[in-house]
Amino acid sequence: MRGRSGGRAIPLGLGGFLVVLVLSWLSGTNLFSLLGTDSSPSQGVGTSGEVRSTPAEERLVDFVGSVTKDIQDSWTEKLGSRYQRTSIALFRDAVESGCGFAQSATGPFYCPQDRKVYLDLGFFDELSRRFGAPGDFAQAYVIAHEFGHHVQNILGLNERATADRRSGANSASVGLELQADCFAGVWGHDAAQPGRAAAGKVELDPGDVEEALRAAAAIGDDRLQKMSTGRVMPDRFTHGTSAQRVEWFRRGMETGEPRSCGASVTTH
């Protein structure tokens, strides 16, 4: 992926503070939370132990901020004033969100109550080591999926899942997760357009799409269940199979149209 800030480490001190401040403002992302310098009471960030930042974490903060800004710019272009920008709260170990207390084991999630995306950056390492899905666009796919839930919340598309009490493979909640994968692909379609890097936007490199497809396949319910229990239990599905996640991401990626994701969405 090109067109972002190049993955540089954010320096500490006054200069570093200003850099993070500007990135936070541009992306709507609480980048201070990961660095342990957030002084805003509105950001519910939980940490355990002494807070330290490493150069690798600082590069990830930079990466997340750039991708977040690009995703939100893309949806603003598609939905105009209907899109309401939000923030992503970065945390370590545990966090108190509008949806309650969550630990890093929960994985990245979107909270409809406070309309924020929550991300423990340690998940990216797990995505690479445990699930075999390395790469920066694999990480970007995860972020774009969570912002897909934000789009659903704005458009009222999650009301159907709230009313549907079914669980498992045929539930409305699984349908929402697959639609969020498709919305991630819609942004990926935009990011794949040539010339974006020259304009300071995220632009995909050869092989990036394959990274996202591997990530989608790696975190399908059937694969995760086989890894943990040795068998597949469709009645306990929450996100869809690997094949379904790949299919829906690819659908958005190929068309670039929110309508292709099964949503009645009016765009510019």
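Trainee: Which cysteine forms a disulfide with C99?

Mentor: This is a predicted model, in which local features need pLDDT of at least 70 and side-chain atom pairs count only at pLDDT 80 or more, while totals for chains, interfaces and linings use all residues. Residues are numbered from 1 along each chain as its sequence is written, and side-chain values use heavy atoms, with hydrogens and water left out. A disulfide is a pair of cysteine sulfur atoms within 2.5 Å. At a sulfur separation of 2.1 Å, the disulfide partner of C99 is C111.

Trainee: How many residues apart are C99 and C111?

Mentor: The link is right-handed, with 100 degrees about the S-S bond. It connects distant parts of the chain: C99 is in the loop between strand 2 (94-97) and strand 3 (100-103), and C111 is in strand 4, a separation of twelve residues. Helices (H or I, at least four residues) and strands (E, at least two) are DSSP runs, numbered from the N terminus. The separation of C99 and C111 is therefore twelve residues.

Trainee: Is C111 buried or exposed?

Mentor: Buried means under 20% relative accessible area, exposed over 50%, and partly exposed in between (1.4 Å probe, protein chains only). C99, at 41%, is therefore partly exposed. C111 has a relative accessible area of 0%, and so C111 is buried.

Trainee: Where in the chain is C261, the partner of C182?

Mentor: C182 and C261 are joined by a disulfide, S to S 2.1 Å, and this link is left-handed, with -80 degrees about the S-S bond. The pair links distant parts of the chain, 79 residues apart: C182 is in helix 7, and C261 is in the segment after helix 10 (242-255).

Trainee: Which residues lie closest to the centre of the largest pocket?

Mentor: On a 1 Å grid over the protein atoms alone, a pocket is an open set of points where a 1.4 Å probe fits, with protein on both sides within 12 Å along at least five of seven lines; lining residues have an atom within 4 Å of a point. Grid points are joined across faces, edges and corners, and a volume is the space filled by probe spheres set on the points. The largest pocket has a volume of about 1,000 Å³. Of its 34 lining residues, the closest to the centre are T106, P108, E177, T238 and H239.

Trainee: Which helix gives the most to the lining of the largest pocket?

Mentor: Elements that each supply at least two lining residues include strand 4 (109-111), helix 5 (136-155) and helix 7 (172-191). With six residues, the element that gives the most is helix 5.
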